[in-house]
Structures are given as structure tokens and as C-alpha cells.
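Hello,

Here is the structure I promised to pass on to you. Please open it beside this email, and then read on for what turned up.

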Amino acid sequence: MAVKKKTTTKRKATTKKATTKRKAAPKRKAAPKKKATKSKAKKPAFGGYAINFVGRTETVEQVFGKKPIAPSEMTKKIWAFVKSKSLSNR
């Protein structure tokens, strides 16, 4: 009979790596604060439209009505009001 050889594998002993303490991250310098600049002349409204409601006595009910309406309808009614009363700069 043929004799089978036993194959033995040697396992390496696993060792735990020594844990090292992490160094604290170096503190970053605070970003320099921006100097306050003097306010320049007021910029015109974006898009070129400026609407002025000063001195108007109309109530919201007079502009929109008493029934609930959708926001898109509100926008349409506001612009109709502005155009009819010449409140814009155009």
C-alpha cells in the first residue's frame, strides 16, 4: 500500500499591531475677517423693474377679491393692478 504523506501547513501566528495614539490635527488659523465697506449707492432692482406702493390705500381684498385664489392668479392680479395704476418705472 502506498503511504499518503500528511501535508501540514504551518500557520503564522497573528500578532496585533500596536495601536498608536493619533496626533491632534494642527489647528488652522481663522480666516481674516473682511473689512466692512462703506455702502455704495443703492443698486436698481434686478430686471429693471421697480414698483412703488407708497401712498396706496387699497386693501388686499380690493386687489384680489374675497374668494381664495391660486398663487398664479395672485401674480396675474398684482401685475394687472400695477399696470392699471402706473406703479412701475416702465
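Lys 76 is exposed, because its relative accessible area is 54%; exposed means over 50%, buried means under 20%, and partly exposed is in between, with a 1.4 Å probe and protein chains only as cover. Before you go further, please note that this is a predicted model, in which local features need pLDDT of at least 70 and side-chain atom pairs count only at pLDDT 80 or more, while totals for chains, interfaces and linings use all residues. Residues are numbered from 1 along each chain as its sequence is written, and side-chain values use heavy atoms, with hydrogens and water left out.

Back to Lys 76, which has a partner: Glu 73 forms a salt bridge with it, and their closest N and O atoms are 3.6 Å apart. A salt bridge here is a side-chain nitrogen of Lys or Arg within 4 Å of a carboxyl oxygen of Asp or Glu. Glu 73 is partly exposed, at 32% relative accessible area. Both residues sit in helix H2, three residues apart, about one turn of the helix. An α-helix has 3.6 residues a turn, so residues three or four places apart point the same way.

How many salt bridges does the structure hold? There are two. In the other pair, the side chains of Arg 56 and Glu 58 meet at 2.8 Å, N to O. Arg 56 is partly exposed at 33%, and Glu 58 is partly exposed too, at 26%.

Now for H2 itself. Helices are DSSP runs of H or I with at least four residues, numbered from the N terminus, and the expected span is 1.5 Å times one less than the number of residues.

After H2 comes Ser 86, with a positive phi near 55 degrees. Most residues other than glycine have a negative phi. Ser 86 counts as exposed, with 61% relative accessibility.

Finally, look for a nonpolar surface patch of about 430 Å², made by Tyr 49, Ile 51, Phe 53, Ile 78 and Trp 79. Patch residues have over 30% relative accessible area and no salt bridge, and nonpolar side chains (Val, Leu, Ile, Met, Phe, Trp, Tyr) are joined within 5 Å, like charges within 9 Å. Tyr 49 lies in the segment before helix H1 (60–64) and is partly exposed, at 40%.

Happy exploring!

Note on methods: Helix = DSSP H or I, 4+ residues; strand = E, 2+ residues; numbered from the N terminus. Areas by Shrake-Rupley, 256 points an atom, 1.4 Å probe, with all protein chains shown as cover.
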